[in-house]
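Here are my notes on this model, as numbered points.

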Amino acid sequence: MSDTYAKSLVFSGFVLRKEKFMRSCGVLLPVSSLPSKYGIGCFSKEAYEFVDRLKEAGQGYWQILPLGPTSYGDSPYQSFSTYAGNPYFVDLEELEKVGAVTTAELNKFDFGKNSKKVDYKKVYRSRFKALRLAFDKAKKKELKFGYGISLDEFKRLNELWLPDYALFMAIKDRMNGAAWTEWEEGLRLREEKTLSKYRKELKEDIEFYTFIQWVFDIQWTKLKSYANEKGIKIIGDVPIYVAFDSADAWASPELFQFTEELKPIAVAGCPPDAFSSTGQLWGNPLYRWDYHKETEYEWWMKRLKRAFDLYDTVRIDHFRGFDTYYSIPYGAKNAIKGKWLKGPGYALFARMKEVLGDRDVIAEDLGYLTRSVVKLVAKSGYPGMKVLHFAFYGGADTTYLMHNHTKNTVVYTGTHDNDTTLGWFRSLDKKFKKFAIEYLGINTDNEEDIVWELIRYAYMSVGDMAIIPMQDFLCLGSEARINTPSTLGGNWEWRMGKKDFTVKLAKRMAALAKLYARENM
(Lines give C-alpha, C1' and ligand atoms only; values in the text may rest on other atoms or scores of the structure.)
Protein backbone atom coordinates (compact mmCIF):
# COMPACT_ATOMS: atom_id res chain seq x y z
CA MET A 1 0.00 0.00 0.00
CA SER A 2 1.51 3.37 -0.99
CA ASP A 3 1.97 6.20 1.51
CA THR A 4 -0.17 8.45 -0.71
CA TYR A 5 -3.07 5.96 -0.66
CA ALA A 6 -2.67 5.42 3.09
CA LYS A 7 -2.85 9.17 3.72
CA SER A 8 -5.93 9.48 1.53
CA LEU A 9 -7.70 6.83 3.64
CA VAL A 10 -6.86 8.71 6.82
CA PHE A 11 -8.08 12.04 5.44
CA SER A 12 -11.29 10.48 4.19
CA GLY A 13 -12.15 9.20 7.65
CA PHE A 14 -10.56 5.75 7.63
CA VAL A 15 -7.97 4.77 10.22
CA LEU A 16 -5.24 2.26 9.42
CA ARG A 17 -4.41 0.07 12.39
CA LYS A 18 -1.27 -1.94 12.98
CA GLU A 19 -1.71 -2.65 16.68
CA LYS A 20 -1.03 -6.12 18.03
CA PHE A 21 -4.67 -6.90 18.85
CA MET A 22 -6.48 -4.37 16.58
CA ARG A 23 -9.81 -3.24 18.05
CA SER A 24 -11.52 -6.26 19.54
CA CYS A 25 -13.63 -7.51 22.40
CA GLY A 26 -14.20 -10.65 24.40
CA VAL A 27 -15.81 -12.25 27.43
CA LEU A 28 -14.26 -13.42 30.68
CA LEU A 29 -15.82 -16.67 31.88
CA PRO A 30 -14.01 -19.46 33.77
CA VAL A 31 -14.52 -22.96 32.37
CA SER A 32 -15.84 -23.97 35.80
CA SER A 33 -18.63 -21.38 35.44
CA LEU A 34 -20.13 -22.96 32.33
CA PRO A 35 -23.42 -24.82 32.69
CA SER A 36 -23.06 -28.60 32.39
CA LYS A 37 -24.63 -31.82 33.59
CA TYR A 38 -22.22 -33.06 36.25
CA GLY A 39 -21.67 -30.38 38.87
CA ILE A 40 -19.08 -28.09 37.30
CA GLY A 41 -18.40 -26.44 33.96
CA CYS A 42 -16.27 -28.56 31.65
CA PHE A 43 -15.49 -29.28 27.99
CA SER A 44 -19.05 -30.43 27.37
CA LYS A 45 -21.53 -29.49 24.65
CA GLU A 46 -22.40 -26.37 26.65
CA ALA A 47 -18.83 -25.10 26.08
CA TYR A 48 -19.33 -25.42 22.34
CA GLU A 49 -22.69 -23.66 22.60
CA PHE A 50 -20.99 -20.86 24.51
CA VAL A 51 -18.45 -20.47 21.69
CA ASP A 52 -21.32 -20.32 19.17
CA ARG A 53 -22.98 -17.55 21.18
CA LEU A 54 -19.70 -15.62 21.39
CA LYS A 55 -19.52 -15.72 17.62
CA GLU A 56 -23.12 -14.48 17.32
CA ALA A 57 -22.27 -11.72 19.83
CA GLY A 58 -19.42 -10.39 17.67
CA GLN A 59 -16.79 -11.41 20.22
CA GLY A 60 -13.22 -12.31 19.25
CA TYR A 61 -11.89 -13.62 22.55
CA TRP A 62 -12.84 -15.97 25.37
CA GLN A 63 -10.75 -15.33 28.46
CA ILE A 64 -10.54 -18.16 30.98
CA LEU A 65 -8.72 -18.74 34.26
CA PRO A 66 -5.80 -21.19 34.72
CA LEU A 67 -6.69 -24.73 33.61
CA GLY A 68 -4.53 -26.53 36.19
CA PRO A 69 -5.76 -29.08 38.76
CA THR A 70 -6.95 -27.19 41.82
CA SER A 71 -5.90 -28.00 45.37
CA TYR A 72 -7.05 -26.90 48.83
CA GLY A 73 -9.31 -23.84 48.55
CA ASP A 74 -10.26 -24.67 44.93
CA SER A 75 -8.31 -21.72 43.54
CA PRO A 76 -7.02 -22.09 39.98
CA TYR A 77 -4.07 -20.00 41.14
CA GLN A 78 -2.99 -22.73 43.60
CA SER A 79 -2.52 -25.76 41.40
CA PHE A 80 -0.85 -29.14 41.86
CA SER A 81 0.94 -28.54 38.56
CA THR A 82 1.74 -25.66 36.24
CA TYR A 83 1.57 -28.08 33.29
CA ALA A 84 -1.33 -30.44 34.01
CA GLY A 85 -5.03 -29.97 33.29
CA ASN A 86 -7.90 -29.99 35.77
CA PRO A 87 -9.63 -33.42 35.94
CA TYR A 88 -12.89 -31.60 36.75
CA PHE A 89 -12.96 -30.21 33.19
CA VAL A 90 -13.00 -33.61 31.49
CA ASP A 91 -16.39 -34.06 29.84
CA LEU A 92 -18.00 -37.19 31.31
CA GLU A 93 -20.69 -37.17 28.62
CA GLU A 94 -17.99 -37.60 25.99
CA LEU A 95 -16.68 -40.58 27.95
CA GLU A 96 -20.22 -41.98 27.83
CA LYS A 97 -20.25 -41.67 24.05
CA VAL A 98 -17.04 -43.69 23.65
CA GLY A 99 -18.26 -46.41 26.03
CA ALA A 100 -15.95 -45.64 28.95
CA VAL A 101 -18.84 -45.08 31.41
CA THR A 102 -22.61 -45.39 31.30
CA THR A 103 -25.31 -42.92 32.26
CA ALA A 104 -26.56 -45.40 34.86
CA GLU A 105 -23.12 -45.52 36.47
CA LEU A 106 -22.80 -41.73 36.55
CA ASN A 107 -26.28 -41.31 37.99
CA LYS A 108 -25.16 -43.18 41.11
CA PHE A 109 -22.88 -40.28 42.04
CA ASP A 110 -23.90 -37.00 43.66
CA PHE A 111 -22.17 -34.13 41.83
CA GLY A 112 -24.30 -31.48 43.53
CA LYS A 113 -27.85 -30.33 42.81
CA ASN A 114 -27.40 -26.54 42.55
CA SER A 115 -26.91 -25.68 38.88
CA LYS A 116 -25.84 -22.13 39.79
CA LYS A 117 -23.02 -23.11 42.17
CA VAL A 118 -20.18 -25.62 42.23
CA ASP A 119 -20.21 -27.91 45.26
CA TYR A 120 -16.51 -28.74 45.28
CA LYS A 121 -16.77 -31.30 48.04
CA LYS A 122 -19.31 -33.35 46.09
CA VAL A 123 -17.50 -32.85 42.78
CA TYR A 124 -14.22 -34.03 44.35
CA ARG A 125 -15.82 -37.12 45.87
CA SER A 126 -17.63 -38.08 42.67
CA ARG A 127 -15.49 -36.95 39.74
CA PHE A 128 -12.45 -39.11 40.47
CA LYS A 129 -14.60 -42.19 41.06
CA ALA A 130 -16.29 -41.63 37.71
CA LEU A 131 -12.94 -41.15 35.97
CA ARG A 132 -11.62 -44.29 37.63
CA LEU A 133 -14.52 -46.26 36.14
CA ALA A 134 -13.60 -44.90 32.73
CA PHE A 135 -9.94 -45.76 33.26
CA ASP A 136 -10.72 -49.33 34.30
CA LYS A 137 -12.78 -49.86 31.14
CA ALA A 138 -10.13 -48.19 28.99
CA LYS A 139 -7.60 -50.78 30.14
CA LYS A 140 -9.76 -53.52 28.68
CA LYS A 141 -10.55 -51.88 25.36
CA GLU A 142 -9.07 -49.12 23.27
CA LEU A 143 -11.06 -45.90 23.49
CA LYS A 144 -11.78 -44.39 20.09
CA PHE A 145 -12.48 -40.67 20.30
CA GLY A 146 -12.22 -40.17 16.57
CA TYR A 147 -9.73 -37.34 17.06
CA GLY A 148 -6.60 -36.55 19.06
CA ILE A 149 -3.31 -38.37 19.56
CA SER A 150 -2.75 -41.82 21.04
CA LEU A 151 -1.93 -42.32 24.69
CA ASP A 152 1.61 -43.44 23.85
CA GLU A 153 2.18 -40.37 21.70
CA PHE A 154 0.81 -38.15 24.45
CA LYS A 155 3.25 -39.67 26.94
CA ARG A 156 6.16 -39.11 24.58
CA LEU A 157 5.28 -35.48 23.89
CA ASN A 158 4.85 -34.65 27.58
CA GLU A 159 7.68 -36.56 29.22
CA LEU A 160 9.05 -33.25 30.53
CA TRP A 161 6.36 -33.04 33.24
CA LEU A 162 3.88 -35.92 33.02
CA PRO A 163 5.82 -38.67 34.86
CA ASP A 164 6.59 -36.41 37.83
CA TYR A 165 3.03 -35.11 38.02
CA ALA A 166 1.40 -38.56 37.81
CA LEU A 167 3.78 -39.97 40.42
CA PHE A 168 3.22 -36.93 42.66
CA MET A 169 -0.56 -37.37 42.58
CA ALA A 170 -0.36 -41.14 43.11
CA ILE A 171 1.87 -40.70 46.16
CA LYS A 172 -0.36 -37.91 47.45
CA ASP A 173 -3.34 -40.27 47.33
CA ARG A 174 -1.34 -42.92 49.18
CA MET A 175 -0.47 -40.31 51.84
CA ASN A 176 -4.14 -39.27 52.26
CA GLY A 177 -3.52 -35.88 50.69
CA ALA A 178 -0.58 -34.85 52.87
CA ALA A 179 1.73 -32.16 51.47
CA TRP A 180 4.98 -33.49 49.99
CA THR A 181 6.98 -31.90 52.82
CA GLU A 182 5.29 -34.36 55.19
CA TRP A 183 6.28 -37.44 53.17
CA GLU A 184 9.04 -39.79 54.25
CA GLU A 185 12.57 -38.50 53.71
CA GLY A 186 13.32 -40.67 50.69
CA LEU A 187 10.30 -39.24 48.88
CA ARG A 188 10.84 -35.66 49.98
CA LEU A 189 14.45 -35.74 48.79
CA ARG A 190 13.56 -37.80 45.71
CA GLU A 191 16.04 -40.57 46.40
CA GLU A 192 16.00 -42.83 43.35
CA LYS A 193 15.73 -46.06 45.35
CA THR A 194 12.58 -44.82 47.13
CA LEU A 195 11.08 -43.35 43.95
CA SER A 196 11.64 -46.62 42.12
CA LYS A 197 9.86 -48.51 44.89
CA TYR A 198 6.80 -46.26 44.69
CA ARG A 199 6.73 -46.31 40.90
CA LYS A 200 6.32 -50.09 41.08
CA GLU A 201 3.80 -50.08 43.94
CA LEU A 202 1.69 -47.28 42.45
CA LYS A 203 1.97 -48.21 38.79
CA GLU A 204 -1.81 -48.49 38.38
CA ASP A 205 -2.46 -45.11 40.02
CA ILE A 206 0.26 -43.43 37.97
CA GLU A 207 -1.36 -44.75 34.82
CA PHE A 208 -4.72 -43.46 36.05
CA TYR A 209 -3.45 -39.89 36.40
CA THR A 210 -1.69 -40.17 33.04
CA PHE A 211 -4.96 -41.34 31.47
CA ILE A 212 -6.84 -38.32 32.87
CA GLN A 213 -4.29 -35.93 31.37
CA TRP A 214 -4.51 -37.64 28.00
CA VAL A 215 -8.31 -37.31 27.90
CA PHE A 216 -8.05 -33.69 29.10
CA ASP A 217 -5.60 -32.92 26.30
CA ILE A 218 -7.78 -34.54 23.64
CA GLN A 219 -10.93 -32.72 24.76
CA TRP A 220 -9.31 -29.30 25.28
CA THR A 221 -7.52 -29.44 21.92
CA LYS A 222 -10.82 -30.21 20.23
CA LEU A 223 -12.66 -27.37 22.00
CA LYS A 224 -9.91 -24.83 21.34
CA SER A 225 -9.76 -25.84 17.68
CA TYR A 226 -13.53 -25.39 17.43
CA ALA A 227 -13.28 -21.91 18.96
CA ASN A 228 -10.44 -20.94 16.60
CA GLU A 229 -12.44 -22.14 13.60
CA LYS A 230 -15.23 -19.81 14.73
CA GLY A 231 -12.76 -16.93 14.92
CA ILE A 232 -12.62 -17.00 18.72
CA LYS A 233 -9.19 -16.87 20.34
CA ILE A 234 -8.54 -18.18 23.84
CA ILE A 235 -6.89 -15.96 26.45
CA GLY A 236 -5.31 -18.15 29.10
CA ASP A 237 -3.83 -17.19 32.44
CA VAL A 238 -0.35 -18.00 33.76
CA PRO A 239 0.13 -17.29 37.48
CA ILE A 240 3.58 -15.88 38.22
CA TYR A 241 4.03 -18.38 41.07
CA VAL A 242 3.44 -22.10 41.49
CA ALA A 243 1.85 -23.63 44.57
CA PHE A 244 4.11 -24.85 47.36
CA ASP A 245 2.33 -28.21 47.47
CA SER A 246 2.84 -28.96 43.79
CA ALA A 247 4.66 -31.40 41.55
CA ASP A 248 6.72 -28.43 40.33
CA ALA A 249 8.12 -27.57 43.77
CA TRP A 250 8.64 -31.24 44.67
CA ALA A 251 10.33 -32.24 41.41
CA SER A 252 12.50 -29.12 41.00
CA PRO A 253 13.32 -27.63 44.42
CA GLU A 254 16.46 -26.00 43.00
CA LEU A 255 14.21 -23.42 41.32
CA PHE A 256 12.96 -22.01 44.60
CA GLN A 257 14.17 -20.27 47.74
CA PHE A 258 14.28 -23.39 49.93
CA THR A 259 16.53 -24.39 52.81
CA GLU A 260 18.56 -27.62 52.71
CA GLU A 261 15.60 -29.22 54.52
CA LEU A 262 13.38 -28.04 51.64
CA LYS A 263 11.44 -25.52 53.71
CA PRO A 264 10.71 -22.08 52.20
CA ILE A 265 12.99 -19.25 53.26
CA ALA A 266 10.36 -16.70 52.28
CA VAL A 267 6.99 -16.75 50.50
CA ALA A 268 5.00 -14.56 48.14
CA GLY A 269 2.28 -12.03 48.81
CA CYS A 270 1.39 -8.34 48.64
CA PRO A 271 1.93 -5.57 51.21
CA PRO A 272 -0.86 -3.80 53.12
CA ASP A 273 -2.89 -1.38 51.02
CA ALA A 274 -6.22 0.43 50.98
CA PHE A 275 -8.02 -2.91 50.55
CA SER A 276 -6.20 -4.89 53.27
CA SER A 277 -4.49 -3.53 56.38
CA THR A 278 -2.41 -6.70 56.77
CA GLY A 279 -1.68 -7.30 53.09
CA GLN A 280 -2.09 -10.60 51.26
CA LEU A 281 -0.16 -13.69 52.33
CA TRP A 282 -0.26 -16.04 49.33
CA GLY A 283 2.28 -18.53 50.65
CA ASN A 284 3.76 -19.51 47.25
CA PRO A 285 7.48 -20.31 47.16
CA LEU A 286 9.68 -17.60 45.70
CA TYR A 287 12.08 -18.17 42.84
CA ARG A 288 15.85 -18.28 42.97
CA TRP A 289 16.20 -15.74 40.21
CA ASP A 290 20.00 -16.07 40.23
CA TYR A 291 19.62 -19.76 39.33
CA HIS A 292 17.08 -19.01 36.61
CA LYS A 293 19.42 -16.42 35.12
CA GLU A 294 22.33 -18.90 35.13
CA THR A 295 20.21 -21.46 33.26
CA GLU A 296 19.00 -18.81 30.77
CA TYR A 297 15.50 -19.12 32.18
CA GLU A 298 15.18 -22.63 30.75
CA TRP A 299 12.38 -23.69 33.10
CA TRP A 300 10.42 -20.54 32.30
CA MET A 301 10.81 -21.12 28.58
CA LYS A 302 9.39 -24.63 28.95
CA ARG A 303 6.57 -23.38 31.15
CA LEU A 304 5.62 -20.59 28.75
CA LYS A 305 5.85 -22.87 25.73
CA ARG A 306 3.29 -25.14 27.38
CA ALA A 307 1.08 -22.10 28.00
CA PHE A 308 1.24 -21.06 24.34
CA ASP A 309 0.41 -24.62 23.33
CA LEU A 310 -2.77 -24.36 25.41
CA TYR A 311 -3.80 -20.76 24.65
CA ASP A 312 -3.69 -18.23 21.82
CA THR A 313 -2.92 -15.32 24.12
CA VAL A 314 -1.34 -15.53 27.57
CA ARG A 315 -2.20 -13.16 30.39
CA ILE A 316 0.73 -13.15 32.82
CA ASP A 317 -0.58 -12.66 36.34
CA HIS A 318 1.16 -10.24 38.73
CA PHE A 319 3.48 -8.89 36.02
CA ARG A 320 4.99 -6.38 38.42
CA GLY A 321 6.57 -9.28 40.32
CA PHE A 322 9.10 -9.65 37.51
CA ASP A 323 10.39 -6.15 38.27
CA THR A 324 10.35 -6.38 42.05
CA TYR A 325 8.68 -9.03 44.16
CA TYR A 326 7.37 -8.93 47.72
CA SER A 327 9.20 -11.35 50.03
CA ILE A 328 7.55 -12.37 53.31
CA PRO A 329 9.50 -14.37 55.93
CA TYR A 330 8.28 -17.98 56.04
CA GLY A 331 6.03 -18.55 59.05
CA ALA A 332 4.73 -14.98 59.21
CA LYS A 333 1.04 -14.67 60.11
CA ASN A 334 0.43 -11.81 57.69
CA ALA A 335 2.17 -9.76 54.99
CA ILE A 336 3.10 -6.73 57.08
CA LYS A 337 6.83 -7.45 57.54
CA GLY A 338 7.69 -8.28 53.94
CA LYS A 339 10.16 -6.43 51.73
CA TRP A 340 10.56 -5.71 48.02
CA LEU A 341 13.43 -7.45 46.22
CA LYS A 342 14.67 -7.20 42.66
CA GLY A 343 13.25 -9.63 40.09
CA PRO A 344 14.63 -10.68 36.70
CA GLY A 345 13.34 -7.62 34.87
CA TYR A 346 13.25 -7.51 31.10
CA ALA A 347 15.91 -10.23 30.72
CA LEU A 348 13.32 -13.00 31.07
CA PHE A 349 11.08 -11.55 28.36
CA ALA A 350 14.02 -10.84 26.06
CA ARG A 351 14.90 -14.53 26.37
CA MET A 352 11.28 -15.49 25.76
CA LYS A 353 11.13 -13.51 22.52
CA GLU A 354 14.43 -15.09 21.47
CA VAL A 355 13.30 -18.66 22.18
CA LEU A 356 9.54 -18.55 21.56
CA GLY A 357 9.21 -15.63 19.19
CA ASP A 358 6.85 -12.67 19.35
CA ARG A 359 3.79 -14.06 21.13
CA ASP A 360 0.53 -12.42 22.23
CA VAL A 361 0.84 -11.51 25.90
CA ILE A 362 -1.24 -9.38 28.27
CA ALA A 363 0.59 -7.95 31.28
CA GLU A 364 -1.51 -7.97 34.46
CA ASP A 365 -0.09 -4.68 35.74
CA LEU A 366 -2.65 -3.86 38.41
CA GLY A 367 -1.88 -2.49 41.86
CA TYR A 368 0.73 0.06 42.91
CA LEU A 369 3.04 0.65 39.95
CA THR A 370 6.50 2.16 40.40
CA ARG A 371 8.36 3.89 37.59
CA SER A 372 10.48 0.79 37.04
CA VAL A 373 7.36 -1.39 36.63
CA VAL A 374 5.89 1.06 34.12
CA LYS A 375 9.19 1.01 32.21
CA LEU A 376 9.24 -2.80 32.20
CA VAL A 377 5.71 -3.02 30.77
CA ALA A 378 6.56 -0.38 28.16
CA LYS A 379 9.82 -2.09 27.17
CA SER A 380 8.10 -5.45 26.81
CA GLY A 381 5.59 -3.94 24.41
CA TYR A 382 2.80 -5.95 26.02
CA PRO A 383 -0.56 -4.26 26.65
CA GLY A 384 -1.38 -3.56 30.26
CA MET A 385 -4.81 -3.58 31.90
CA LYS A 386 -7.29 -0.87 32.83
CA VAL A 387 -10.07 -1.90 35.22
CA LEU A 388 -12.92 0.61 35.28
CA HIS A 389 -13.96 -0.30 38.82
CA PHE A 390 -10.72 1.35 39.95
CA ALA A 391 -11.32 4.52 37.96
CA PHE A 392 -13.45 6.61 40.30
CA TYR A 393 -11.40 6.84 43.49
CA GLY A 394 -8.66 9.34 42.64
CA GLY A 395 -10.00 12.20 40.57
CA ALA A 396 -9.56 13.15 36.93
CA ASP A 397 -5.87 12.16 36.77
CA THR A 398 -6.51 8.48 37.56
CA THR A 399 -5.03 6.40 34.74
CA TYR A 400 -8.00 4.01 34.83
CA LEU A 401 -10.39 6.75 33.66
CA MET A 402 -11.27 6.44 29.99
CA HIS A 403 -9.80 9.81 28.90
CA ASN A 404 -6.40 8.64 30.19
CA HIS A 405 -6.37 5.29 28.39
CA THR A 406 -3.77 4.45 25.76
CA LYS A 407 -4.24 2.25 22.70
CA ASN A 408 -1.97 -0.60 23.82
CA THR A 409 -4.36 -1.50 26.61
CA VAL A 410 -6.91 -4.15 27.56
CA VAL A 411 -9.96 -2.57 29.23
CA TYR A 412 -12.09 -4.45 31.76
CA THR A 413 -15.13 -3.43 33.75
CA GLY A 414 -13.85 -5.81 36.45
CA THR A 415 -11.84 -9.04 36.71
CA HIS A 416 -12.35 -12.36 38.50
CA ASP A 417 -11.03 -10.70 41.67
CA ASN A 418 -13.57 -7.87 41.55
CA ASP A 419 -17.21 -7.78 42.53
CA THR A 420 -19.61 -7.72 39.62
CA THR A 421 -20.28 -4.25 38.24
CA LEU A 422 -23.74 -4.21 39.77
CA GLY A 423 -22.39 -5.31 43.16
CA TRP A 424 -19.55 -2.80 42.91
CA PHE A 425 -21.86 0.12 42.06
CA ARG A 426 -24.27 -0.74 44.85
CA SER A 427 -21.46 -0.70 47.42
CA LEU A 428 -19.74 2.50 46.23
CA ASP A 429 -19.27 5.22 48.81
CA LYS A 430 -21.57 8.21 48.13
CA LYS A 431 -18.65 10.46 47.20
CA PHE A 432 -17.26 8.06 44.62
CA LYS A 433 -20.70 7.12 43.33
CA LYS A 434 -21.42 10.81 42.72
CA PHE A 435 -18.22 11.17 40.72
CA ALA A 436 -18.95 8.00 38.72
CA ILE A 437 -22.48 9.19 37.89
CA GLU A 438 -21.22 12.58 36.75
CA TYR A 439 -18.32 11.15 34.74
CA LEU A 440 -20.43 8.53 33.00
CA GLY A 441 -23.30 10.92 32.41
CA ILE A 442 -25.77 8.54 34.05
CA ASN A 443 -29.31 9.93 34.26
CA THR A 444 -31.17 6.79 35.22
CA ASP A 445 -31.88 4.86 38.40
CA ASN A 446 -32.23 1.61 36.50
CA GLU A 447 -29.39 -0.56 37.77
CA GLU A 448 -29.14 -2.65 34.61
CA ASP A 449 -28.78 0.52 32.53
CA ILE A 450 -25.93 1.60 34.80
CA VAL A 451 -24.11 -1.70 34.23
CA TRP A 452 -24.53 -1.42 30.47
CA GLU A 453 -23.31 2.16 30.59
CA LEU A 454 -19.99 1.05 32.09
CA ILE A 455 -19.74 -1.73 29.49
CA ARG A 456 -20.40 0.86 26.78
CA TYR A 457 -17.59 3.04 28.12
CA ALA A 458 -15.21 0.08 28.08
CA TYR A 459 -16.12 -0.51 24.42
CA MET A 460 -15.79 3.19 23.68
CA SER A 461 -12.27 3.36 25.12
CA VAL A 462 -9.33 3.91 22.79
CA GLY A 463 -7.84 0.72 24.30
CA ASP A 464 -7.39 -1.94 21.63
CA MET A 465 -9.19 -4.73 23.48
CA ALA A 466 -12.21 -4.74 25.82
CA ILE A 467 -12.95 -7.79 27.99
CA ILE A 468 -16.17 -7.97 30.02
CA PRO A 469 -16.98 -10.61 32.65
CA MET A 470 -20.05 -12.62 31.66
CA GLN A 471 -21.79 -11.69 34.91
CA ASP A 472 -21.79 -8.05 33.82
CA PHE A 473 -23.48 -8.82 30.52
CA LEU A 474 -26.06 -10.69 32.61
CA CYS A 475 -26.35 -7.72 35.03
CA LEU A 476 -25.87 -9.95 38.07
CA GLY A 477 -25.12 -8.78 41.61
CA SER A 478 -22.57 -9.80 44.23
CA GLU A 479 -24.03 -13.30 44.42
CA ALA A 480 -22.25 -13.95 41.10
CA ARG A 481 -18.82 -12.78 42.23
CA ILE A 482 -16.07 -15.26 41.33
CA ASN A 483 -13.46 -14.51 43.99
CA THR A 484 -12.86 -12.27 46.99
CA PRO A 485 -9.07 -12.06 47.53
CA SER A 486 -7.65 -13.02 50.94
CA THR A 487 -10.74 -15.07 51.82
CA LEU A 488 -11.18 -18.82 51.99
CA GLY A 489 -14.46 -20.51 51.11
CA GLY A 490 -17.29 -19.41 48.88
CA ASN A 491 -14.99 -18.54 45.97
CA TRP A 492 -14.78 -19.94 42.42
CA GLU A 493 -18.33 -21.33 42.78
CA TRP A 494 -20.58 -19.23 40.53
CA ARG A 495 -22.03 -20.86 37.41
CA MET A 496 -24.00 -19.41 34.54
CA GLY A 497 -27.49 -20.78 33.98
CA LYS A 498 -28.08 -22.94 30.92
CA LYS A 499 -30.52 -20.44 29.37
CA ASP A 500 -28.83 -17.22 30.53
CA PHE A 501 -26.84 -16.41 27.39
CA THR A 502 -29.77 -15.74 25.10
CA VAL A 503 -29.94 -14.87 21.41
CA LYS A 504 -31.35 -11.49 22.42
CA LEU A 505 -28.34 -10.79 24.65
CA ALA A 506 -25.93 -11.90 21.91
CA LYS A 507 -27.56 -9.49 19.47
CA ARG A 508 -27.21 -6.61 21.93
CA MET A 509 -23.54 -7.45 22.47
CA ALA A 510 -22.95 -7.67 18.71
CA ALA A 511 -24.60 -4.30 18.13
CA LEU A 512 -22.37 -2.67 20.73
CA ALA A 513 -19.28 -4.34 19.27
CA LYS A 514 -20.17 -3.09 15.80
CA LEU A 515 -20.94 0.42 17.03
CA TYR A 516 -17.47 0.80 18.54
CA ALA A 517 -15.54 -1.05 15.79
CA ARG A 518 -14.79 -4.10 17.92
CA GLU A 519 -16.95 -6.63 16.07
CA ASN A 520 -15.34 -9.95 15.16
CA MET A 521 -16.26 -10.46 11.53
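1. Basis. This is a predicted model, in which local features need pLDDT of at least 70, side-chain atom pairs count only at pLDDT 80 or more, and totals for chains, interfaces and linings use all residues. Residues are numbered from 1 along each chain as its sequence is written, and side-chain values use heavy atoms, with hydrogens and water left out.

2. Core. The largest nonpolar core has 165 residues. Such a core is a set of buried Ala, Val, Leu, Ile, Met, Phe, Trp, Tyr and Cys residues joined through side-chain atoms within 4.5 Å. Trp 62, Leu 95 and Trp 300 have the most contacts inside this core. Helix H10 (residues 203-229) gives the most to this core, with 12 residues. Helices (H or I, at least four residues) and strands (E, at least two) are DSSP runs, numbered from the N terminus. In soluble globular proteins, nonpolar side chains tend to be buried together.

3. Leu 95. Leaving out residues up to four places away in sequence, Leu 95 touches Val 90, Ala 100, Val 101, Leu 131, Ala 134, Phe 145 and Val 215. Contact here means heavy atoms within 4.5 Å.

4. Cavities. On a 1 Å grid over the protein atoms alone, a cavity is a set of points where a 1.4 Å probe fits but cannot get out; lining residues have an atom within 4 Å of a point. Grid points are joined across faces, edges and corners, and a volume is the space filled by probe spheres set on the points. The count comes to 5 cavities of 30 Å³ or more.

5. Largest cavity. The largest cavity holds about 220 Å³ of space. Its lining has 22 residues, and the closest to the centre are Pro 66, Ser 81, Thr 82, Asp 237 and Pro 239. H13 gives the most to this lining, with 4 residues. By class the lining has 14 nonpolar, 5 polar and 3 charged residues. Ala, Val, Leu, Ile, Met, Phe, Trp, Tyr, Cys and Pro count as nonpolar, Asp, Glu, Lys and Arg as charged, and the others, Gly among them, as polar.

6. Ser 81. Where does Ser 81 sit? Ser 81 is in the loop between strand E2 (61-63) and helix H3 (92-97). Ser 81 counts as buried because its relative accessibility is 3%; buried means under 20% relative accessible area, exposed over 50%, partly exposed in between (1.4 Å probe, protein chains only). The Ser 81 side chain reaches the backbone nitrogen of Ala 84 at 3.0 Å. Beyond four places in sequence, Ser 81 touches Gly 68, Pro 69, Tyr 165, Ser 246 and Asp 248.

7. Second largest pocket. A pocket is an open set with protein on both sides within 12 Å along at least five of seven lines. The second largest pocket has about 430 Å³ of space. Of its 19 lining residues, Leu 157, Asn 158, Asp 217, Arg 306 and Asp 309 are the closest to the centre. H10 gives the most to this lining, with 6 residues. The lining divides into 9 nonpolar, 4 polar and 6 charged residues.

8. Asp 164. Asp 164 lies in helix H7 (residues 162-174). Asp 164 counts as partly exposed because its relative accessibility is 22%. Not counting residues up to four places away in sequence, Asp 164 touches Arg 190, Ala 247, Trp 250 and Ala 251.

Key: A polar contact is a pair of N or O atoms within 3.5 Å; within protein, one must be able to donate a hydrogen and the other to accept it, and residues adjacent in sequence count only if both atoms are side-chain atoms.
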